[in-house]
Structure formats: structure tokens, C-alpha cells
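Visitor: Hi! Could you walk me through a few spots in this model?
Guide: Happy to, let's bring it up.

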Amino acid sequence: MCSISIIVLIHEFGIFVSYFYSKEFCKMGDKGAKVQKQSDGDKMNPTEEPFFVIHTKVNVLFVGLTFLTFVTRLWLLEEPRGVVFDEIHFGLFTGLYQHGTFFFDVHPPLGKLLLALMGYLAGYDGSFDFSSIGTEYPCHFPIWYLRVLPAICGSLLCPLSYLILSELGFSQYAALLAGFLVLTDNALLVQSRFILIDSFLLCSLLCLIFSLLKFCKNLKRPFNCQWVIWTLCLSVAITASLSIKYSGLFTLFTVSCVLLYYFWKLLTNRNIPLMKAVFHLLVYFTLLVLLPIFLYCAIFYTHLSILTKSGPHDERMSSQFQASLEGGLAKMMEGQPIEVAYGSQITLRHMHGTPCWLHSHPEPYPVRYSDNRGSSAQQQVTCYTYKDINNWWVVVDPNWESIEVENPPRRVKNGDIVKLIHGVTGRSLNSHDVAAPMSPQCMEVSCYIDYNISFPAQPLWQVELLNGKKTNNTWHAIGSHLRLIHVTTDQALKFTGLQLPDWGFYQYEVATDRNHNQEPTVWNVEEHRLIQSEATVGDEYSQQLPPDLWTPGTLGFWEKFVELQFKMLSANKEVNQEHQYSSTPLEWPMMHRGIAYWINPASNAQIHFLGNPVIWVSGMAAVFIFAVLFVIFAVRWRRQCQDLNEDEWTRFLHTGVLLAGGWIANLVPYFLMERTLFLHHYLPALLHLILLIPATLDIIYCHVLRSSLQRNFMTSMLLVWVTSIVLVFIKLSPLSYGHTPLSQNDITTLQWRDSWGLIYHEEMGYT
């Protein structure tokens with residue numbers, strides 16, 4: 001994203017240079033023509049400038065503002081020398097990339113790949129474990145190199161904001177104000193200074209908006225150099241906004257609305273032949289849809305090509321995915337037969353949703369549940385989210401008394417009836433006509449205990465292979481997808497997704513359901529052992545082992561890619577744990593609660609994620625004022641009142657869709673999410689809001705205020721407002737940099753709202 005932003009800035013500078021160069025060239029050409037008309041004895045004025053002189057203009061305010069932004073983001077970048085907030089995750093991922101160790105994260109990989117690249121260039125060996133927030137970095141840790149790229153991207157937000165307001169057609173003062181607001185917001189400052197990926201996302205979103213404006217400006221001159229440059233920039237920005245965090249989709253939605261509007265105008269323009277318009281649309285579809293999809297897949301290809309070794313998050317992926325990685329499950333399955341036989345020891349994994357394994361332990365179900373329903377009081381069967389010795393089961397032929405492997409081993413086929421014996425307790429998997437504890441509409445699953453009462457065992461299960469054609473109707477470890485159908489009740493073994501209470505150790509419920517055809521009833525064998533008994537030890541037994549031994553899988557890129565996409569999307573929904581600093585979208589615009597990022601327990605110096613309250617409140621006022629102005633001007637435009645010309649009305653619409661609409665699009669979806677949310681999720685919406693503030697002020701100044709007295713009064717009020725923003729920024733800066741020891745009185749002064757939750761360690765506090 002830094003590279004795109006730098007290209008944009010260089011291009012804009014190049015426009016200034018080329019403009020003035022061409023202007024001087026024309027002047028020199030005219031002077032040259034005049035000289036030719038003179039007599040041979042005449043000579044040019046010796047004070048004439050040389051031909052190859054380039055004149056440029058430098059916007060001192062713009063350059064100065066950009067310089068200040070870089071200073072604020074890069075100052076004391078190595079402080080604090082401890083793990084800050086989500087550096088615990090993204091720093092760890094950076095190290096895992098260096099080792100090629102697979103990990104799972106809910107975000108796409110582009111941001112993490114950029115951090116890993118910086119780590120590689122800095123010579124980072126990935127040895128630091130990022131064990132907890134506040135852990136001190138060792139002296140050799142390249143903390144500056146890992147934090148500098150996010151800081152640079154955070155710094156580029158200021159010039160990009162300026163360029164966007166300028167491209168929208170607002171005044172230079174409005175553009176400078178946009179950059180100033182980005183500079184002085186404490187939340188944007190904090191999020192840009194650490195090993196985080198949010199500044200990459202924000203930078204890509206502004207590049208996306210700016211590239212869109214440039215693209216729309218060049219639509220009337222397709223296929224020239226400018227058009228090619230900005231179409232490719234827009235394509236890359238689309239890819240980047242999707243490949244860092246999926247929340248980039250919200251801004252992409254507003255951008256897509258603008259693109260569809262212009263493409264519809266192109267298609268319905270009678271001055272353009274239909275075939276030519278269709279050809280243009282096909283080119284746009286290729287460059288703005290197919291090319292971003294290709295780049296998105298290429299990013300994942302790079303990600304998966306690097307991470308080839310088994311890692312700490314393997315269990316989140318399917319058994320086939322795990323088996324394709326070096327070590328881990330592949331190592332455990334090495335040398336074991338791929339075909340499941342009677343006497344095989346297996347673990348059964350649920351294939352969809354939360355990764356967990358069929359599990360049992362000696363504790364029985366309670367005699368009565370909390371709703372006063374009775375249970376079977378049999379041994380509990382659950383789905384456990386960790387690999388454990390109690391996850392092992394033995395496949396047994398109901399007509400064979402022994403649980404040992406037969407000689408020769410007999411394969412289990414599709415449709416066979418089996419018993420599953422729990423490996424630790426020796427009890428058989430059972431079900432009966434008793435309501436499940438959390439899902440009364442389903443039947444309870446247990447391991448049968450013979451209480452010598454009229455409650456017979458019902459331990460028979462039919463193996464139903466869903467992909468039996470691929471395995472010649474033989475039950476395979478890892479590769480076979482199966483359902484276990486309870487023979488007596490004709491119900492399928494099901495992972496319900498509901499957690500049991502404390503008596504079930506908060507593990508997940510397993511039941512049987514009459515509806516077979518659903519994802520929660522699909523299982524597969526993840527680990528498999530075929531161990532010979534003492535009676536059959538020897539060469540003769542070894543010769544009778546199934547000939548097909550398991551070999552490491554060769555799962556292709558597309559299979560991995562599709563699975564990873566589904567896992568990432570489903571994992572986002574599962575992030576719903578309680579957190580002290582979580583907040584709701586309704587609380588974000590007024591900054592009801594911040595986030596504690598880091599604290600020094602000895603001095604109470606701390607980093608707290610908080611924005612500039614003056615800017616945030618002003619943003620909400622700007623939304624309301626802009627909405628009122630939009631309605632008024634829209635009505636007057638329809639009534640053909642000439643308040644705005646065509647260009648000004650187009651600018652008004654672009655501002656409404658891209659900035660006000662972008663704020664709405666980046667905020668409203670979070671109201672629909674059932675997951676844990678934090679204030680930093682508001683940053684993309686905040687960035688749109690910050691750009692809306694100077695746009696609204698410029699509209700008021702140019703189109704609402706009529707007299708010079710009104711405008712002078714507004715200017716004086718703006719000076720007071722800007723001064724208050726600077727003072728608040730400086731006041732809260734100790735919480736942004738974490739470089740100042742804080743006493744209890746200091747913290748009380750800084751905590752303007754009790755809900756902010758600033759931290760003070762009294763027994764170790766600085767006084």
C-alpha cells in the first residue's frame with residue numbers, strides 16, 4: 001500500500017512538473033520563432049533562460065503537513081520496548097512466516113506478508129514467542145523495522161486525504177484541513193505505530209477512493225496513458241482493500257456503486273455504438289474484476305507456498321489439509337494403513353464448523369437437568385476441541401467378541417454395521433430414546449453402563465460413506481467423509497454446536513438427529529492406528545497388513561484455498577468472547593470506551609486507544625449537517641433552482657456517496673454482527689467521517705454563507721476549533737506514545753469519561 005501511495009504522490013508531482021515544463025517549452029518555442037525572424041546579425045538576449053529548465057511549484061503547507069505526520073508517526077517508534085496489544089498475534093505470525101510454519105488467522109494474508117517481508121529484510125529469525133502483552137523485546141529484536149512500514153502507511157493517510165479532497169474539487173483549505181484532522185487524531189496515531197495491519201487497510205481504502213476519482217476523470221479518454229495508469233491503480237487498490245481485512249468490502253461497496261453508475265451511463269449513451277460500449281465494459285470487467293480476483297488468489301498462493309510446515313493452528317483445518325503439511329498429522333500417520341479395519345483405533349473428527357473430536361470420559365450425565373428433565377445417567381459423550389487420549393475409539397465387529405485386529409485384517413465397507421468401543425473406559429458408543437441435554441428434539445448419545453435395569457444397550461451403528469466412490473466403498477482414514485447412523489433409531493450422530501454446562505466441562509454436545517442430510521452429521525477419521533496383538537506378532541502378521549499404507553497428502557492449491565476461505569469466514573462469527581474493553585457500534589461515534597494497549601506497571605505509563613474527542617464529535621455534527629444540506633440542495637436542484645452548477649452537483653453527489661455513504665457502509669454492518677467488537681473496528685468509518693468534515697465546512701462557506709461578515713465569523717470560529725483540536729491532541733498524547741510516567745492525579749485528569757477505563761497500579765504507581 002505504501003508503494004501505491006508513493007506512486008500516487010510521484011504522479012501528482014509529475015503532473016505539476018510536466019505542466020510547467022510544457023508551459024516553458026511553449027514560451028521558448030515562441031521566442032525561438034521570433035529569433036528566426038530577426039536578421040542574422042541579431043543575437044538572443046543573454047539573459048534568456050536555458051532551454052532545459054523545469055519550473056515547479058511546491059505547496060509548502062502540504063509538504064509541511066506531510067512532514068509533521070511522518071514525524072508524529074516515527075517519533076519514539078521503538079518505544080515501548082514491549083509487546084503492545086495485537087502485536088501478540090501479528091508479531092507471532094511474522095515469526096511463523098520466517099520458519100514456514102502454518103498458522104490460521106481470520107484476516108487475509110497481504111498485511112501479514114508485508115510485515116513478514118520487513119522481518120525478512122531485517123534478518124529476523126522468528127525466535128521471539130510473543131507470549132503475552134507487555135513482554136519485553138530482547139535487544140536484538142528488530143522492533144523499528146517491523147513497526148516502520150505500518151508507521152509509513154499511517155503517515156501517508158495525511159497526503160492522501162489532501163489529494164482526495166482536492167480531486168473532489170474542494171478548496172485547498174478544505175484539503176489542508178482534511179490532512180490536519182488526520183494528523184491530530186490520536187486513534188489514527190496509535191494504530192499506525194505498532195506491528196498491526198490496520199494502517200495498511202486504511203491506506204488501501206484511501207488509495208481506492210483516490211484511484212476511483214482519477215479513473216472517473218479519465219473515463220472520457222479511454223485507453224490513453226492516464227487511463228491505463230489509473231485503471232491499473234484502481235485494480236490494485238481493489239485487491240489490497242480485500243486482501244488485508246475483509247472489512248475493506250464495505251468501502252468497496254460504495255466504490256462499486258459509483259462504478260456501476262458510470263458503466264450504466266456508458267451503456268445507455270446513444271452517442272457510443274453498442275458494440276463499442278460492450279467492448280469497453282468487457283475491458284473494465286477484465287481489469288476491475290478478473291484482475292483483482294487473480295491478484296487475490298496469487299496472494300493466497302504466496303501465503304500457502306510459504307507455510308508448508310505443521311504449526312500451532314493445524315487443528316482448525318480439515319484432516320486432509322493437515323496431512324498435506326510437513327510434520328504433525330502427516331508424521332503421526334506415517335507407516336499406518338490408510339484403510340480402516342475391524343480392530344482399528346481411530347479418532348473421529350467433526351468436519352464442519354468448530355473443530356472437535358468425538359470424546360468420552362468416566363463422568364455420567366446428571367440424573368436430572370436444570371429444566372427438571374431426566375437423563376439416562378449413562379457415561380457422557382461429548383465433542384472436545386482438543387486432542388486428548390479420551391478421543392480414541394476402537395472399531396469392532398458386533399459379531400466378533402474380540403476387539404483385537406483380525407488376522408488377516410478385515411476392511412470396513414460402506415453400509416457395514418460396527419460398534420465403537422471407547423479406548424480408555426472400554427464402554428460402547430450408545431444411543432437410546434432419551435432427550436439430549438441441550439437439544440431435546442434430538443436423542444442423547446452416551447457410552448453404555450450396565451446398571452442391571454431394564455435399559456438394554458443399543459450400540460450398533462451403520463457406516464455411511466458419502467464419498468465412497470473415491471475409495472472403492474472402503475472406509476479410509478482422513479479421506480472418507482461418513483455418517484454414523486444409529487441402527488435402532490435410524491438417527492445420525494450429530495455435533496449440535498451447543499456447549500454443555502459445568503457438569504459437562506463446557507464441552508460440546510453430541511446427539512442423534514432424524515435428519516441425516518446436514519453438515520453437522522458428517523465426520524471423518526483423523527488419526528488411525530492398526531496395532532497387532534501379541535498373538536499375531538511376527539512376519540506372518542506383517543505380511544497380512546493392508547497393502548495401502550498412508551502417504552502424505554497432495555492437496556492442491558484450489559482445495560486449500562477454498563477450505564481456507566470458508567474457515568476464515570466461519571471463524572469470524574465465532575469471535576464472541578466477553579472482553580473488558582469490547583464495545584458496541586452504537587458506542588463508537590462518541591468514543592464511549594477505549595482499549596488498553598499497554599502499561600508499564602512500574603510507572604503507569606500506558607498506551608490507550610482513544611481518538612481526539614473534538615474531531616469525533618465534530619464528525620457526527622458534520623454527518624447531520626451534510627444530510628440536511630443534501631436534502632435541501634436535492635430538492636432545490638429538482639425544482640431547477642440554480643444554487644449549484646453541473647460540476648458542483650456532481651461533486652456533491654460524489655461526496656455523499658463516497659464519504660457520507662462510506663461512513664454508513666463501514667458502520668451499519670457491525671450492528672448485524674454477533675461477535676466481539678472493539679473501538680478500532682470503527683477506524684475505516686472514522687476516516688470517511690474525517691474527510692466529510694472539511695467537505696461539509698467548504699460547502700457551507702461557499703454555498704450557504706452569503707456575506708463576508710458571516711464568512712469572517714465562521715473563519716474565527718474555525719480557528720478556535722482548530723486550536724482546541726491541537727490542545728486536545730497534545731493533552732492525550734501521553735496515552736498515545738506511552739512515554740510519560742503517570743501519577744494517579746494525571747490519570748484522573750486524562751480520564752474524561754469513567755468508561756474509558758484507564759489503568760492505575762496503586763501499589764507500584766509513579767508519584
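Visitor: What stands opposite A492 in β11?
Guide: That's D513 in β11. This is a predicted model, by the way.

Visitor: How many bridges are there between β10 and β11, and in which sense do they pair?
Guide: β10 and β11 (residues 508–513) pair over five bridges, in the antiparallel sense.

Visitor: And what about β9 and β10, how many bridges join them?
Guide: Two bridges join β9 (residues 482–486) to β10 (residues 491–499), and these strands run antiparallel. H486 has Q491 in β10 as its bridge partner.

Visitor: What's going on in the hairpin there?
Guide: The hairpin of β9 and β10 has four residues between the strands. D490 takes a positive phi near 55° in that hairpin.

Visitor: Now β7, is that strand mostly covered or exposed?
Guide: Mostly covered: five of the five residues in β7 (residues 443–447) are buried.

Visitor: Which strands pair with β7?
Guide: Strand β3 (residues 379–384) is joined to β7 by two bridges, running antiparallel, and Q379 stands opposite C447 in β7. Strand β6 (residues 429–435) pairs with β7 over four bridges, in the antiparallel sense, with N430 opposite S446. β7 is also joined to β11 by two bridges, and they run antiparallel; there, A511 in β11 is the bridge partner of E444.

Visitor: Switching to helices: how do α9 and α11 cross?
Guide: The axes of α9 (residues 225–244) and α11 (residues 274–306) come within 9 Å and cross at roughly 40°. That makes α9 oblique to α11, and the crossing is right-handed.

Visitor: Which residues meet there?
Guide: On the α9 side they include W227, L234, I238 and L242. On the α11 side, Y284, L288, P292 and I299 are among them.

Visitor: How many nonpolar, polar and charged residues does that contact have?
Guide: The contact of α9 with α11 has 15 nonpolar, four polar and no charged residues.

Visitor: One more: where is N612?
Guide: N612 is in the loop between β14 (606–609) and α16 (613–638).

Visitor: Is N612 buried or exposed?
Guide: Buried, because its relative accessible area is 0%, and the cut-off for buried is under 20%.

Visitor: What is N612 in contact with?
Guide: Leaving aside neighbours within four places in sequence, N612 is in contact with T184, D185, N186, I725, V728 and F729.

Key:
Residues numbered from 1 in each chain as written. Predicted model: local features only at pLDDT ≥ 70, side-chain atom pairs only at ≥ 80, totals over all residues. Heavy atoms only, no water. Axes fitted to C-alpha atoms, helices over the stretch in contact; angles between N-to-C directions. Parallel < 35°, antiparallel > 145°, perpendicular 65-115°, else oblique. Left-handed = near helix turned anticlockwise from the far one by under 90°. Contact = heavy atoms within 4.5 Å. Nonpolar A, V, L, I, M, F, W, Y, C, P; charged D, E, K, R; others polar. Pairing = 2+ DSSP bridges. Buried < 20%, exposed > 50% of the residue type's maximum accessible area, 1.4 Å probe, protein only.
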